[in-house]
Amino acid sequence: MQVAEITSGRAVYWGTGRRKASVARVRLVPGEGKMTVNGKDGDLYFQFNPNYLGAIKAPLETLGLESEYDIVVKAEGGGLTGQADSIRLGVARALCQLDPDNRSPLKTEGYLTRDPRAKERKKYGLHKARKAPQYSKR
């Protein structure tokens, strides 16, 4: 078992998640199941769509640990959807660091898979990545 950091006698587990343009650094701390994102309560940070909270806590619920660890997150870049998905990946990776036996149930649920889709770059001669100027024969 690899412990990233021991703070005041408590083991802290780290995980990094990425999705689109967002990066989330996640810490799992023994606690009651609270979530803090960028210094705010998780309910306030994701108040516009509560589905994000369920997606973030899904890896913990899969293992039955939702009330045993607090989630502390530093999320940067992207929008709320990208940040929520990156936090979920970071939580899953931290749970694998907690116990290597957690890997197989998280893998079967798809929580350890990084979504590689990202914005395609704009090409010269086009308006956007693929949108071409209108063609006229004459």
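How many of the 19 residues of helix 3 are buried? The count is 14, so helix 3 is mostly covered. Buried means under 20% relative accessible area, exposed means over 50%, and partly exposed lies in between (1.4 Å probe, protein chains only).

## Basis of the model

This is a predicted model: local features need pLDDT of at least 70, side-chain atom pairs count only at pLDDT 80 or more, and totals for chains, interfaces and linings use all residues. Residues are numbered from 1 along each chain as its sequence is written, and side-chain values use heavy atoms, with hydrogens and water left out.

## Helix 3

Helix 3 covers residues 80–98. Helices (H or I, at least four residues) and strands (E, at least two) are DSSP runs, numbered from the N terminus. The expected span of a helix is 1.5 Å times one less than its number of residues. For the 19 residues of helix 3 that gives 27 Å. Its end C-alpha atoms are 27 Å apart, so the two values agree.

Pairing requires at least two DSSP bridges between two strands.

The hairpin has 2 residues between the strands. Lys-20 lies in that loop. Its phi is near 55°, a positive value in a residue other than glycine. Most residues other than glycine have a negative phi. Lys-20 is exposed, because its relative accessible area is 56%.

## Arg-19

Arg-19 lies in strand 2. Is Arg-19 buried or exposed? Arg-19 is buried, because its relative accessible area is 9%.

Which residues does Arg-19 touch, not counting those up to four places away in sequence? They are Gly-82, Asp-85, Ser-86, Arg-114, Asp-115 and Arg-117. Contact here means heavy atoms within 4.5 Å.

Asn-38 lies in the loop between strand 4 (35–37) and strand 5 (40–41). Phi of Asn-38 is near 55°, a positive value in a residue other than glycine. Asn-38 counts as partly exposed, because its relative accessibility is 32%.

Glu-109 belongs to helix 4 (residues 103–109). At 47% relative accessibility, Glu-109 counts as partly exposed. Glu-109 and Tyr-52 are 57 residues apart along the chain. Their C-alpha atoms are separated by 17 Å.
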